[in-house]
Amino acid sequence: NESVRMSLVDLATEQNFKQIASYLSKELNAQFSIAVLNNDRTSAEKFSQLGVDFNYTDEHQRTPLHYAV
């Protein structure tokens, strides 16, 4: 359906491109964490609309909430 907008993560998942979907999801979560760390609310809100994992942990085992406080 052309009227339904999908993120690249959703499209890769739908097409069963598991490695690509995993990579894109990881990058989306990392960018969300960076936006939170930089107090960039506009970007963080846009990333959250794309389906970030709010419980994502980075290489330091920190979630975006750790950076927000």
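This is a predicted model: local features need pLDDT of at least 70, side-chain atom pairs count only at pLDDT 80 or more; totals for chains, interfaces and linings use all residues.
The largest nonpolar core has six members, namely Leu28, Phe32, Ala35, Val36, Ala44 and Val52. Helix α2, which spans residues 18-37, supplies the largest share of this core, with four residues.

**The core and alanine 44**
- Alanine 44 is one of the six residues of the largest nonpolar core.
- With neighbours within four places in sequence set aside, alanine 44 is in contact with Phe32, Ala35 and Val36.

- Serine 48 lies in helix α3, which covers residues 41-49.
- Its relative accessible area is 27%, so serine 48 counts as partly exposed, a class that lies between the limits of 20% and 50%.

**Serine 48: contacts and distances**
- Residues up to four places away in sequence not being counted, serine 48 touches Phe32 and Phe54.
- The side chain of serine 48 comes to 2.7 Å from the backbone oxygen of glutamate 45.
- Serine 3 stands 45 residues from serine 48 along the chain, and their C-alpha atoms are 21 Å apart.

**The surface patch**
- Val4, Met6, Leu8 and Leu11 make a nonpolar surface patch of about 370 Å².
- Valine 4, a member of this patch, is located in the segment before α1 (8-14).

Technical notes
Residues are numbered from 1 along each chain as its sequence is written. Side-chain values use heavy atoms; hydrogens and water are left out. Helices (H or I, at least four residues) and strands (E, at least two) are DSSP runs, numbered from the N terminus. Buried means under 20% relative accessible area, exposed over 50%, partly exposed in between (1.4 Å probe, protein chains only). Contact means heavy atoms within 4.5 Å. A polar contact is a pair of N or O atoms within 3.5 Å; within protein, one must be able to donate a hydrogen and the other to accept it, and residues adjacent in sequence count only if both atoms are side-chain atoms. A nonpolar core is a set of buried Ala, Val, Leu, Ile, Met, Phe, Trp, Tyr and Cys residues joined through side-chain atoms within 4.5 Å. Patches are made of residues with over 30% relative accessible area and no salt bridge: like charges are joined within 9 Å, nonpolar side chains (Val, Leu, Ile, Met, Phe, Trp, Tyr) within 5 Å. Accessible areas come from the Shrake-Rupley method with a 1.4 Å probe; for residues, only the protein chains shown count as cover. A salt bridge is a side-chain nitrogen of Lys or Arg within 4 Å of a carboxyl oxygen of Asp or Glu.
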